[in-house]
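Here are some notes to read alongside the model. They are set out as numbered points and can be checked one at a time.

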Amino acid sequence: MTLETVLFWIFGGLAVVAAIATITRKNPVISALFLILNFGGLAGLYLLLNAQFIAVVQIIVYAGAIMVLFLFVIMLLRPDDEKSFFAENKQIKWTGIAIGTFLFAQLAYVIFVGVPKQSIVRDAQRSVEIGTIESIGRALFTQFLVPFEAIAFVLLAATIGALVLAKKKFD
Amino acid sequence: MIENYIPVFVVLGFAILFALATVFSSEIFGPKRPTKEKLSTYESGVKPIGSANERVSIKYYLVAMLFIIFDLEVIFVYPWAVTFTKLFSEFGMVIFTSMMVFLVVFEIGYLYAYKKGAFKWD
Amino acid sequence: MIPLEYFLIISAFMFISGVVGVLTRKNAIVVFMSIELMLNSANLAFVSFASFMGDVTGQVFVFFVMAVAAAEAAIGLAIVIAIFRNKLTVNIDEINILKW
């Protein structure tokens with residue numbers, strides 16, 4: 001057991017458990033807090049993959065900004081708690097879980113068995129290089145310049161759209 | 001690579017431990033002799049009005065939404081700032097202009113929010 | 001060294017959690033959170049492939065996914081608020097005017 005393996009199991013387990021808790025808790029605030037925990041675990045996994053900048057951005061943008069918006073909206077609307085997961089609509093719940101299990105089995109088959117077995121070996125030095133902010137900046141401002149400008153317009157549309165939808169008196 | 005981050009994990013672990021310890025040590029060690037007076041809602045000596053479960057105002061939503069948008073703007077500016085000198089010597093003004101276009105498009109949204117009064121608190 | 005498959009299976013599991021959440025939950029906000037979960041699982045797959053293949057494109061793509069997810073969260077939650085204003089509920093079983 002190297003340090004890397006131990007950390008992988010900690011962060012991976014955190015991500016998996018928090019993902020399950022997110023979709024099963026009946027109180028949406030608790031769901032949102034578990035989702036933040038899930039994002040924390042994901043940031044750890046990104047660090048293990050040597051994607052340092054992405055890990056930091058994950059914390060800043062997702063755990064820091066998007067989930068704050070979610071929590072504010074939950075507190076703004078104060079939805080009632082749902083019943084506990086299996087309390088009602090049992091067929092729908094079981095159908096959902098069955099579909100999920102089926103899809104998961106399919107994906108697991110593809111990941112572990114389906115692809116031709118030529119295992120991809122990670123070049124550790126190279127993966128550290130590409131995870132740095134310099135390499136991401138270089139790719140972003142040369143090869144991906146047009147999508148980068150397009151993102152500005154997407155976010156402009158988001159600003160204006162959200163203001164138009166939300167800026168009426170709320171009572 | 002991950003070895004470089006051990007100090008971060010140590011700090012994180014201490015932060016979690018400290019938070020849990022402060023919350024639960026008062027629970028464990030503090031004396032508990034509740035009376036009816038002590039258990040009543042404390043609102044600076046005034047009789048409590050209404051419920052604590054009130055809806056927060058939509059203003060918080062607007063502030064959080066604008067925060068996300070400008071947070072993302074900053075996230076895109078970081079890699080630009082770090083790589084600027086290198087890329088500028090290679091490609092010239094294109095690098096500068098592209099970021100200015102990006103920022104100007106954002107400022108249109110900012111001005112719109114300002115005009116709409118999203119920053120007014122009442 | 002952890003093989004690529006392990007990261008991908010975590011990504012797959014998170015995606016399936018998101019799918020099950022969308023299929024089974026009734027609260028529109030929790031459905032949104034499930035969608036965030038699915039977007040994040042895609043991000044994890046992108047980053048693990050980028051790291052294992054030694055190609056930065058995957059990581060740049062994660063940026064774009066994050067930007068689009070933020071825009072989607074802002075607009076989507078504004079829509080939820082607008083629906084709540086009209087129908088005083090966020091239960092998606094009761095928001096069924098378009099249902100036929």
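1. This is a predicted model. Is C:E72 buried, exposed or partly exposed? C:E72 has 17 C-beta neighbours inside 10 Å. A buried residue needs 20 or more, and an exposed residue has 12 or fewer, so C:E72 counts as partly exposed.

2. The sequence and the fold can be compared for one pair here. C:E72 and C:M33 are separated by 39 residues in sequence, while their C-alpha atoms are 11 Å apart in space.

3. How many residues does each side bring to the contact between chain A and chain C? Chain A provides 69 residues and chain C provides 63 residues. On the chain A side, at least two residues come from each of helix 1 (3-24), helix 2 (28-48), helix 3 (52-77), helix 4 (90-114), helix 5 (124-131), helix 6 (133-142) and helix 7 (145-166) of chain A. Helix 4 of chain A gives the most, with twelve residues. By residue type, the side of chain A that touches chain C has 50 nonpolar, 13 polar and six charged residues.

4. Chain B also touches chain C: six residues of chain B are in contact with four residues of chain C. On the chain B side of this contact, six residues are nonpolar, with no polar and no charged ones.

5. On confidence, chain B has an average pLDDT of 85, and 97% of the residues score at least 70. Among the elements of chain B, the highest mean pLDDT, 91, belongs to helix 1 (residues 6-29) of chain B, and the lowest, 80, to helix 2 (residues 36-39) of chain B.

6. Chain A is assigned two domains: domain 1 (3-124) and domain 2 (132-171). The C-alpha centres of domain 1 and domain 2 of chain A are 24 Å apart.

7. In soluble globular proteins, nonpolar side chains tend to be buried together. Which residues have the most contacts inside the largest nonpolar core of this model? The core has 107 residues, and those with the most contacts are A:I66, A:L69, A:V73, C:A70 and C:A74. Domain 1 and domain 2 of chain A each supply at least three residues to this core.

8. Setting aside neighbours within four places in sequence, A:I66 is in contact with A:V61 in its own chain, with B:I68, and with C:A69, C:A70 and C:A73.

Conventions: Residues are numbered from 1 along each chain as its sequence is written. Chains are lettered from A and ligands numbered from 1 in the order in which they are written. Two residues are in contact if their C-beta atoms, placed from the backbone, lie within 7 Å. Helices (H or I, at least four residues) and strands (E, at least two) are DSSP runs, numbered from the N terminus. Ala, Val, Leu, Ile, Met, Phe, Trp, Tyr, Cys and Pro count as nonpolar, Asp, Glu, Lys and Arg as charged, and the others, Gly among them, as polar. Domain bounds come from an automatic or database domain assignment. pLDDT is the predictor's confidence in each residue, from 0 to 100. A nonpolar core is a set of buried Ala, Val, Leu, Ile, Met, Phe, Trp, Tyr and Cys residues joined through C-beta atoms within 7 Å.
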